[in-house]
Amino acid sequence: MAIECPCHEGLHIFEDHFYPEIIDPDSGRVLPEGQEGELVLTTLSKWAMPMIRYRTRDITALVPGACGCGRSLRRMRRIGRRSDDMLIIRGVNVYPSQIEAVLLEVEGTLPHYQIILTREHGLDQVEVQVEVTAQVFSDRVGALEALEERLADTLERVLGIRIAITLVEPQTIQRSEGKAKRVIDKRGQT
Amino acid sequence: MKIQQLSIFAENKPGHIAAPCRLLADNCIDIRALSVADTQHFGILRIIVSDPNQATKVLEAAGYVVKPTEVLAVEVEDRPGGLARILSAFERTAINIEYMYAFPFGHGERAVLIFRFDDPDAAAQALQSAGVNVLAKNELFNR
């Protein structure tokens, strides 16, 4: 429903077929142009299965102003995250629950963990920090490296992308009250 | 005969070895021997202390992951060939050394080697039949 032009400053929306809105995912209120929110689409040309104000769960923003390429179709920013907990990493849809299932499978119990997303040289980088527990800790370096390897291999099998695993000391990942903050997305900053 | 070694997980960052050592100092626990195995991201601090039970309690209460392992302490003369003589005791056996470290002992005339074996009992037997002095815990601390 949208495509990038040679200016690489957002994706032009086919406005003759889709009517885009950006809303606050909590209140449902339509947000002004340029502000980040959830993309809502209404189809204008579909007869058999029209969609009216379909909530995509994708978080983006409409880009204000005219594009250097001359097209007048409005632009939206590339989608990097979602209003649910799904992550889009290098174009692959990843749910933190999939990562959690792998940690549980490999370690036997679920350790504290955190997913850190960064952007290097235009490519998404993912690191999963996993707290070392007494069950998996070993006095032998080889055993711990094998654990890192096993976690990375299993994640790759499940997700289809390679993720860096870093073992960290216990109690170093921030505990939060209520819902744990499992994902730290730094991609906007880099 | 077997001596308890404690291993502590530490991230490879400034101050991460100092903190547990300070904790032991504050609790008057003496570190007799120590070695650090390191990788790019993490390290394993291995220590032999005067009171491993108390040390484990104190460290775990502070949030550290501590793993006890049985190791063997072997006394050798601190001169060329001292270590080679010990290692030759294993040449004819299938006993594998996981890792080892050493420190000088008794005013520099002797050295103590700490060995971590897969099977410490078999290793102790092999050492003793080769006439090597395997130290008991009190020998390690009361000299």
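Colleague: What makes the area between chain A and chain B count as buried, and how much is there?

Modeller: Buried area is the accessible area, taken with a 1.4 Å probe, that two parts lose on being put together, summed over both. Chain A and chain B bury about 1,600 Å² in this way, with 66% of it on carbon and sulfur atoms. On the chain A side, Phe137(A), Asp139(A) and Glu169(A) lose the most area to chain B, together 45% of what that side buries. This is a predicted model, where local features need pLDDT of at least 70, side-chain atom pairs count only at pLDDT 80 or more, and totals for chains, interfaces and linings use all residues. Side-chain values use heavy atoms, without hydrogens and water, residues are numbered from 1 along each chain as its sequence is written, and chains are lettered from A and ligands numbered from 1 in the order in which they are written.

Colleague: Why is the pairing of Glu98(B) and Arg140(A) called a salt bridge?

Modeller: The rule asks for a side-chain nitrogen of Lys or Arg within 4 Å of a carboxyl oxygen of Asp or Glu. Glu98(B) and Arg140(A) come to 3.5 Å, N to O, so they qualify.

Colleague: Which elements of chain A give two or more residues to the side that touches chain B?

Modeller: They are helix H2 (141–159) and strand S13 (164–168) of chain A, and H2(A) brings the largest share, 4 residues. Helices (H or I, at least four residues) and strands (E, at least two) are DSSP runs, numbered from the N terminus.

Colleague: How do you know that Leu44(A) is in contact with residues beyond its sequence neighbours, and which are they?

Modeller: Contact means heavy atoms within 4.5 Å. Leaving aside neighbours within four places in sequence, Leu44(A) meets that rule with Glu15(A), Asp16(A), His17(A), Phe18(A) and Tyr19(A). Leu44(A) itself is in the loop between strand S4 (37–43) and strand S5 (54–60) of chain A. His17(A) is 27 residues from Leu44(A) in sequence, with 4.9 Å from C-alpha to C-alpha.

Colleague: What is the confidence in chain A, and where is it lowest?

Modeller: Here pLDDT is the predictor's confidence in each residue, from 0 to 100. Chain A averages 90, and 97% of the residues score at least 70. Confidence is lowest in strand S8 (residues 81–82) of chain A, at a mean of 74, and highest in strand S3 (residues 18–23) of chain A, at 97.
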